[in-house]
Amino acid sequence: MTRHHAGPLSIFLVVSTAAVIISLVGVFILKSPFQPDHVIVSRREVISQAIGSLLSLEISDRVYLTLRSAAGDVTNVGSLANNLTLLGQARACEDGSGSDICYEWPEDKELRIRSQDNSSSDVHCYDVTWTAQRCATQELLDCYDLSRGYWFGGFQDVNQFWPMNRIQQKMAPYVTGDTWAGQYGDVIERLFVSSTGFGIFIYPDVPLFLSFNENGDKRICLAAKYTQYPYSNKKNSLPVLRYEICQGSDVKAAHGHMTSRHVPKPRDIPSEDLFGGAIWSTWAMYKGDVTQAKVLEYARAIQNAGLPYTQLEIDDRWTPTYGDLDFDRTKFPDPKGMISTLTQQGFRVSVWMHPFFNIDSSAGQYGARQGYFIRGLDSRLPALVSWWRGDASFLLDATNPEAVEWYLNKTRFLHDAYNVTSFKYDAGETNWLPNVHSSAGDLSHPDDYGRHYALMAVRSDPDLRSQEVRVGFRSQDLPIMFRMLDRQTNWGYNRALKTVIPCALTFGIIGYPFVLPDMIGGNGYNEGCIDCTEYAEPELFIRWLQVNTFLPFIQFSTGPWVYNDTVIGICRKLMNLRSKYTDVIKALARESTRTGAPIVRPLWWIAPEDEAALTTDSQFLLGDDLLVAPVLEKGARSRDIYLPTGSWKDELRGGIHQGPTWLRDYSADIDELPYFQRTFENQLSTSSAPQNRTGDSLVG
């Protein structure tokens with residue numbers, strides 16, 4: 001048997017092949033599933049460290065943080081320090097900080113990860129903190145994967161997709177803004193949870209910029225940085241990015257644990273009368289052309305229609321100029337007599353308010369002299385701002401106690417002189433502030449302005465609590481209504497009908513249970529004309545009311561009498577149905593002050609691992625046991641309905657359905673609202689197939 005010895009060429013090929021294999025294996029090991037395929041990680045020593053079995057950190061040329069469920073499944077991978085400037089190998093901290101994990105990149109940044117005390121919960125949470133060490137203009141940036149689950153929470157959005165994975169928001173300051181302009185919305189919280197049981201909460205003192213699925217990249221990115229605005233840095237501090245990540249068994253567990261730690265509970269509820277009656281606003285009906293005669297005519301029409309009412313709100317242009325908070329005597333020659341008549345008829349009266357003072361107003365001139373407005377940067381002069389009703393206006397300094405007292409004195413005058421009961425507060429978001437400005441009080445966080453504004457609103461009606469605001473940041477404790485931004489009058493998303501349920505659910509998930517849906521049928525805007533009205537078609541109006549029937553509050557503006565008697569009759573029927581559940585809504589409102597739970601809840605609240613429950617955006621729960629499934633498609637007289645686990649009594653058709661199940665092509669004529677009561681009887685479905693029928697004509 002002849003023995004062959006390897007020659008030099010053979011040795012070279014073997015060694016080269018082995019080197020390629022080792023290199024590829026090294027790349028495979030170092031490469032995170034969250035890392036783009038075209039990125040090649042250079043071969044170097046890998047630093048790996050873990051906290052228990054759920055969290056692990058890997059540092060190579062990049063920094064990756066991996067979370068796992070108790071079963072060992074990866075629930076998220078964070079790509080940390082995306083803009084890391086490598087000034088040398090990461091090294092362990094030497095200061096004995098007590099953090100479970102601590103590494104620093106000398107003269108660049110430091111990373112600390114500390115596990116929370118999880119002894120009383122099966123949800124495990126970790127504080128992640130990056131601290132800049134180089135300069136005050138440094139940016140700290142972490143990104144997490146959105147593709148591993150369905151996401152909820154965050155902010156009011158123009159489309160309000162539910163789950164929110166389809167929302168796309170570019171990297172921008174995470175502050176309250178104008179959803180109509182594509183900004184983060186009027187009500188926000190720094191809380192996001194996913195169906196994998198993974199959640200993120202960013203601490204309020206972080207100068208946060210955030211992107212969500214920007215250009216479809218399926219990432220949520222958190223950046224801490226100081227800029228000229230809105231996060232100014234007068235103390236020249238080094239930025240810190242600090243947030244908490246949690247891992248629970250499912251979305252319900254993670255949400256419950258994180259909200260109990262970070263989201264305030266309401267300290268009381270709004271006026272109980274508001275849950276059972278209805279708010280009627282003059283806005284969509286009359287826009288800026290409202291007058292005393294029209295208000296009285298409006299009230300008579302409401303009564304003649306036999307519809308419930310609690311509060312009549314006189315909206316825009318009741319004042320002579322924007323800022324002079326008194327009735328325009330040309331349009332309202334006898335406001336005291338008008339409100340006296342309305343009071344005798346059983347109406348409470350509220351009026352529309354805002355923080356703007358146009359420069360042609362007497363109050364604006366007075367307030368400017370007194371220093372009651374937001375000032376230019378390092379200036380004694382008030383800054384000029386623009387808003388939708390004025391190009392040159394002053395903005396109330398809600399951080400100035402004297403200015404707030406001056407403003408509240410005006411609300412007291414309206415109450416004492418005319419018996420105005422309460423107020424609808426518009427605006428208050430950060431986007432209305434000048435880019436650079438000075439204020440009497442500290443605005444260490446830009447959204448502190450909205451918080452001060454909402455606190456002022458509470459003081460204007462502290463006992464009855466029938467006022468409303470539309471701005472919300474860290475204001476979940478306030479016992480007042482938080483209103484959705486104006487809805488467009490159409491069937492779609494983009495601030496229209498299909499966003500109402502997702503928006504109500506989002507408000508509840510981030511801690512605002514007292515959500516006031518916008519007006520039934522939307523605002524009736526004629527494109528390009530804020531004071532022109534195009535009423536919703538009758539079918540849209542009725543379907544919109546069905547969506548709102550079981551929500552915490554009802555707000556009308558367009559009167560159903562502009563259509564016909566059939567529409568009025570359907571409105572009466574739906575409001576009578578609501579009246580049967582008023583006590584349930586009130587009880588849930590009270591519950592929210594104890595537990596923080598929302599009044600209206602997503603289907604996953606009772607089925608957190610159910611795929612259909614996690615993705616259904618056209619149904620909701622009132623409490624845990626009443627499921628509501630309105631029709632949202634134009635011309636439809638049926639819809640598919642999903643019932644999660646449990647026995648469900650069909651309140652419209654009768655019978656019991658055993659979930660989880662789909663009811664396909666469930667009939668719901670124009671005057672019918674499908675809803676189901678969860679029972680605890682072990683019964684299988686006994687209901688027959690839904691039968692179609694023809695409703696009365698809407699146009700006769």
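Analyst: Let's start with a word we'll need a lot: a residue is buried under 20% relative accessible area, exposed over 50% and partly exposed in between (1.4 Å probe, protein chains only). This is a predicted model, where local features need pLDDT of at least 70, side-chain atom pairs count only at pLDDT 80 or more, and totals for chains, interfaces and linings use all residues. Residues are numbered from 1 along each chain as its sequence is written, and side-chain values use heavy atoms, with hydrogens and water left out.

First up, the salt bridges (a side-chain nitrogen of Lys or Arg within 4 Å of a carboxyl oxygen of Asp or Glu). The structure has 43 of them. Take E468 and R483: they form a salt bridge, and their closest N and O atoms sit 3.2 Å apart. E468 belongs to strand β24 (residues 468-469) and R483 to strand β26, so this pair ties together parts 15 residues apart in sequence. Strands like these are DSSP runs of E, at least two residues long, just as helices are runs of H or I, at least four long, all numbered from the N terminus. How accessible are the two partners? E468 counts as buried because its relative accessibility is 3%, and R483 is buried too, at 1%.

Now for a pair with a longer reach. R267 makes a salt bridge with D477, with 3.3 Å between the closest N and O atoms. R267 lies in the loop between α2 (251-262) and α3 (272-276), while D477 lies in the loop between β25 (472-473) and β26 (481-483), so the bridge ties together parts that are 210 residues apart in sequence. D477 has 14% relative accessibility, so it counts as buried.

R412 and E405 give you another setting. Their side chains meet in a salt bridge at 2.9 Å, N to O. R412 is partly exposed, because its relative accessible area is 33%, and E405 is partly exposed as well, with 30%.

On to the disulfides (pairs of cysteine sulfur atoms within 2.5 Å). The count is 4. If you number the bonded cysteines along the chain, the pattern reads 1-2, 3-6, 4-5, 7-8.

In the disulfide of C143 and C221, the sulfur atoms are 2.1 Å apart. The torsion about its S-S bond is about 110 degrees, so the link of C143 and C221 is right-handed. This pair, too, connects distant parts of the chain, with C143 in strand β9 (residues 140-145) and C221 in strand β15 (residues 219-224), 78 residues apart. C143 and C221 are both buried.

Finally, C529 and C532 form a disulfide with 1.9 Å between the sulfur atoms. The torsion here is about 65 degrees, so the disulfide of C529 and C532 is right-handed. C529 is partly exposed, with 22% relative accessible area, and C532 is partly exposed at 29%.
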